[in-house]
Amino acid sequence: MLEKNWRDLKEKMLEGEVLALPVKEANRGGLILELYGVRGFLPVSQLSLKHYPRVENGDKEQILAELQKFVGVELKVKILDVNSYENKLIFSERDSDSEELRAKLAKYKKGDEVEGEITGVVNFGAFMKFDEGLEGLIHISEIDWQLIENPRDVLKVGEKRKAKIIDIEGGKVSLSLKALTPDPWAEAGEKFKKGDIIKGKVTKFNTFGAFVQLSDAIQGLAHISEFGTQTKMKETLEVGKTYDFRIASIDPKEHRLSLSVNLTEPQETSDKGQGEKSAEQN
């Protein structure tokens with residue numbers, strides 16, 4: 001009987017059937033559902049935008065509290081993965097969008113501009129409601145041309161915004177705020193040239209090196225290889241202070257600009273390997 005149940009689960013997955021199942025339990029990672037006597041898992045990442053927990057700072061206890069509200073609630077899901085050998089059954093709510101939602105989305109296409117309200121701000125971006133019952137995700141990389149560390153610094157719940165639709169996949173809508181503003185890198189090739197000595201403000205350290213603000217929306221990277229070690233980098237530079245840098249390479253099309261703390265350009269230069277020393281603005 002158990003073997004037949006697993007076969008039936010596999011068949012449901014292959015058919016892509018939408019299933020209405022009640023939530024049995026909740027944990028910090030997602031929800032527990034059951035079908036044919038087999039307990040399955042619905043990860044938080046596979047929840048629909050409508051049900052995704054919008055929790056400040058990603059607090060795990062608050063996320064759990066939000067997920068527990070779904071216990072006993074019936075959700076429409078599809079089977080994402082079945083593996084009887086590993087006793088694994090994974091559900092997804094993201095691919096089970098209603099026909100009504102798809103009908104509403106049918107009038108929109110990639111490139112359309114929409115106006116709506118920010119309904120939630122999370123670590124990886126923000127959710128924006130538009131039209132009747134439609135909601136899209138503004139990924140952190142689509143908020144602004146400049147590097148955004150925390151979406152909550154620039155977006156607030158209840159704020160009215162205009163955005164551009166950059167992708168529609170099933171019932172998932174991806175939105176962009178920065179697509180409605182000019183790309184500052186379009187003029188970067190004229191403003192910044194390889195070999196130029198420019199002033200820049202150090203904004204952040206990471207394992208790759210030091211991020212340096214050159215203008216409101218243009219940042220470059222002084223690669224860790226410029227210093228040898230992170231300790232040496234932090235001895236040489238200080239976050240929040242302005243220094244002179246030499247532009248080692250620039251690629252406006254790829255939004256990349258590499259900086260050097262050595263203000264004297266080497267006699268023989270090579271662009272080889274510059275890609276790994278570049279800062280990319282997503």
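Here is a walk through this predicted model, from its cores to its barrel and its aromatic pairs. Local features need pLDDT of at least 70 and side-chain atom pairs count only at pLDDT 80 or more, while totals for chains, interfaces and linings use all residues. Residues are numbered from 1 along each chain as its sequence is written, and side-chain values use heavy atoms, with hydrogens and water left out.

Let's start inside. A nonpolar core here is a set of buried Ala, Val, Leu, Ile, Met, Phe, Trp, Tyr and Cys residues joined through side-chain atoms within 4.5 Å; buried means under 20% relative accessible area, exposed over 50%, and partly exposed in between (1.4 Å probe, protein chains only). The largest such core has 23 residues, of which Leu-9, Leu-31, Leu-42, Val-77, Ile-79 and Phe-91 touch the most other members. Among the elements that each supply at least two residues of this core are helix H1 (2–15), strand S1 (19–22) and strand S4 (38–43). Strand S5 gives the largest share, 4 residues. A second, separate core of 20 residues includes Leu-105, Val-121, Ile-143 and Val-173. The element names follow DSSP runs numbered from the N terminus, with helices (H or I) of at least four residues and strands (E) of at least two.

Helix H2 (residues 60–68) is worth a stop: Ile-63, Leu-64 and Leu-67 are buried there. They cover an arc of only 100 degrees around the axis, so they sit on the same side of H2; the arc is that of the directions from the helix axis to the C-beta atoms. Strand S2 (25–27) and strand S3 (30–35) are among what covers the buried residues of H2, where contact means heavy atoms within 4.5 Å.

Next comes the barrel, which 5 strands close in the order S7-S8-S9-S11-S10, with mixed pairing. Two strands pair if DSSP finds at least two bridges between them. S7 and strand S10 (residues 160–169) run antiparallel and are joined by 5 bridges; Val-114 has Ala-163 in S10 as its bridge partner.

Finally, the aromatic rings. Rings of Phe, Tyr and Trp (its six-membered ring) pair if their centres lie within 6.5 Å, and planes under 30 degrees apart count as stacked, over 60 as edge-to-face and the rest as tilted. The count by this rule is 5 aromatic pairs. Tyr-108 and Phe-130 make an edge-to-face pair, because their ring centres are 5.5 Å apart and their planes at 85 degrees. Tyr-108 lies in the loop between helix H3 (99–105) and strand S7 (113–122) and Phe-130 in strand S8 (residues 125–130), so this pair ties together parts 22 residues apart in sequence. Both residues, Tyr-108 and Phe-130, are buried.
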